Amino acid sequence: MCRWITMGSETKTRTRDCPWLAFYLALLLFFGKQAWAQIRYSIPEEVKDGTIVGNVGKDLGLDITSLIDRRFRVVSGSKDAIFEVNQNNGALYVHNHIDREELCQGSGACLMELKILVENPLEIHYVVVEITDVNDHSPSFPENEQTFEIAEHTLPGKRFQLHTANDPDSGVNSIRTYTLTSNDHFEVDIRHSDDDKIPFLVLKKSLDREQKNKHSLIVTAVDGGKPQRSGTLNVSIIVLDSNDNRPMFSKEIYQIAIKENIPVGSSIFKMNAMDPDEGSNGEIEYSLAKTMRRNIYDLFELDRLSGEIRVKGIVDYEENDVYKLDIEASDKGTPPLTGECRVNIKIIDVNDNPPQIEVTSLSNTVSEDSKPGTVISLISVTDKDSGVNGKIITTINDGVPFELKPSYKENTYSVVTKELLDREEVSHYEITLKANDCGEPPLSTLKTLNIQISDVNDNRPHFEKNPLEFYLVENNVAGASIFSVSATDKDLNDNAAISYHIVREGSQNDIMSFLNINSDNGHISALKSFDFETLKTFQFQVVATDSGTPSLSSNVTVSVFILDQNDNAPVILYPVSSNGSAEGVEEIPRNVNAGHLVTKVRAYDADIGYNGWLLFSLQQVTDHSLFGLDRYTGQIRTLRSFTETDEAEHKLVILVKDNGNVSLSATATVIVKVVEPKEAFAASDVKSSAKDDEGNDVTFYLMITLGSVSALFLISIIILIAMQCSKTTDYTSKYLQDTNYDGTLCHSIQYRSGDKRYMLVGPRMSIGSTIVPGSHANTLVLPDRRRASAEVRVIYDP
């Protein structure tokens, strides 16, 4: 048993009974650079299963302890692998029975190339195992007996071809010589033709039929093995009389060539032998010798009269590229004479086999963060044809981020990544490999590899809109969900599993403490009820974080605008309330004309918009024809002049109510006393001081109210300016004070969001605005002066 390990130009050899060592060393030294990292072993046939060929793991320099994890194995193309490796110790051993004669035909070296594969990282090594022959077959003849009829006048030197023995063994174990039993008339002569030894029976002394008409001989075929094996052939010689000329061919060996797949029945050659005899002794019949291989008789036939050779079966170059036909020409003399020749038929290859693509190893899943040059598959291509017909060009389809890299071994390639991958753009690739041979016409084969791209966490959660604006009606239920945020992630599984949390840092941390977010779905709930009159807007940030490793996150700014509800009843400022009721006395001269201003009822509502829009109405009046009330301003005026019959005192009950969905109201009572003009002037002096005191009280309350509203307005303006400066989008909201109404203290606030301006209206709206009848809205959309064609709408959010 021998082993060669070839590493570059250095060759290490361990031998045991290797007489041809010097020959292989010369080959390895000559081809050392081409056979890089190739190991070669030698083992005889017929060894027992389990016989160790060599420790291939150790010879390859692999870590023995990692062979199991790296799936150390032999990749065999056949179903019954002859050799296997032991993953525990790296040994290469015989797995199935080895019969060299089944594996290799002929006397050349019987080599088996094994592919040894390890993974993590992926490596492939080639190991060549030479199967050496043992002398396990005896020579055998195709028939046990052979008979010759020889004329007695046959001259010495006449040659008669004997059956050729067959020995499947090779080298010294094949047939070495032929022997003949001792006799006076015949001897054996051996003709060497190619790799064959053809025995001939040679007449060394003329025969005498009268002395002996039949001779029985034994021909023995002996091989060169130790011990020797042999086979015998019984030869019978019948001595006949005279036909003294045998047919003769012009050549001893003919050479012809035909293409494979030639149509059945085609004539490929015509034999022409000559016999100088006359009559039946010169008539020739042709036949195929009976000593050839059996498959030759299935492929070719010979016309016995014309000598024409025809194709009988399908000729395949890949099965055999040369056929040797032994032709016999016999005359019809008595006894017949025979001449022989050999026809060597060379088969010319045609391109009838498409290339074959073998995927040695394949990684079906590739991570999207794989670097360019990552190996995903090893492939090898083969073609049974030869020459140009077997020359293969392998390509990969366009449009995929993969390419073919040739290996040091011809027709072996690696499929590698050629650029960065992105699963979010393409998650699956179908790689089409195409192998074309160079024949005419060329044949090709396609092979498709399905590659799945696995996900890595390379995408942050994404909010569709940033910043976000939400409108929340005041007096919300504490603990209930008020709105929700949602982000998306292009990744998969855990890399796309998003959790949410609120950033609780900054100046509004006290407000953030009352907000809670569901980390799984982004639903935000408030732990308290908000009051529009206390807080009109606030802002916070929500962070969305995925579950990848490492995790990625992004945030969104959330602006919340509190919308007003009608939760405040009107408050009467004048007449001044006392003991839970508002009541005042007004004196007017009897001689006033129609339209005289008696007094003005003043009221205030903490709500805004419709909820703070106050309307005045006379709920009770002594004489409807005398007094009129402006429903918007609360001014009480005379409708006509007083007459002598009119009473001197009138009681007016005024109802003040807002325009909320469910309106709230308050009442005020005004007592109007009609006095004579002189009394009125005198009373005016007496009451002036009281009026001043009362006016001072009203003025004081009005100043407090206006101061509070102004301060709240200034704070809102400062907050909104800060928000405007921190934003780049057009979603900035601004609050502006509006004074397009008079008569009653009431809030009117304008703000802008995007390209729309909103105004929470009071009782007197601007001339250019309109209200949709019956909408019960408390928000008015004002026409934007920047857009002349803007449409005015009223939006209501209950």
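# Exercises on a predicted model

C341 has a relative accessibility of 4% and therefore counts as buried; here buried stands for under 20% relative accessible area, exposed for over 50%, and partly exposed for the range in between, with a 1.4 Å probe and protein chains only. The model is predicted, so local features need pLDDT of at least 70 and side-chain atom pairs count only at pLDDT 80 or more, while totals for chains, interfaces and linings use all residues. Residues are numbered from 1 along each chain as its sequence is written, and side-chain values use heavy atoms, with hydrogens and water left out.

**Exercise 1. Classify C438 by its relative accessibility.**

Step 1. The relative accessibility of C438 is 31%.
Step 2. C438 therefore counts as partly exposed.

**Exercise 2. Find the disulfide and describe its geometry.**

Step 1. Apply the criterion: a disulfide is a pair of cysteine sulfur atoms within 2.5 Å. The count by this rule is one disulfide.
Step 2. C104 and C110 are the residues joined, with an S to S distance of 2.0 Å.
Step 3. The link of C104 and C110 is right-handed, with 65° about the S-S bond.
Step 4. Both C104 and C110 are buried.

**Exercise 3. Determine how strand β16 pairs with β10 and with β15.**

Step 1. Helices (H or I, at least four residues) and strands (E, at least two) are DSSP runs, numbered from the N terminus. Two strands pair if DSSP finds at least two bridges between them.
Step 2. β10 (residues 145-151) and β16 (residues 230-240) are parallel and share seven bridges. Within this pairing, I150 has V239 in β16 as its bridge partner.
Step 3. β15 (residues 214-223) and β16 are antiparallel and share nine bridges. Opposite S236 in β16 stands S216.

**Exercise 4. Classify the aromatic pairs F141 with Y178 and F300 with Y323.**

Step 1. Rings of Phe, Tyr and Trp (its six-membered ring) pair if their centres lie within 6.5 Å; planes under 30 degrees apart count as stacked, over 60 as edge-to-face and the rest as tilted. The count by this rule is 14 aromatic pairs.
Step 2. F141 and Y178 are 6.3 Å apart centre to centre, with 55° between the planes, and the pair is tilted. This pair links distant parts of the chain, 37 residues apart: F141 lies in the loop between β9 (123-132) and β10, and Y178 in strand β12 (residues 175-180). F141 and Y178 are both buried.
Step 3. F300 and Y323 have ring centres 5.6 Å apart and planes at 65°, so this pair is edge-to-face. F300 lies in strand β22 (residues 300-302) and Y323 in strand β24 (residues 322-331), 23 residues apart.
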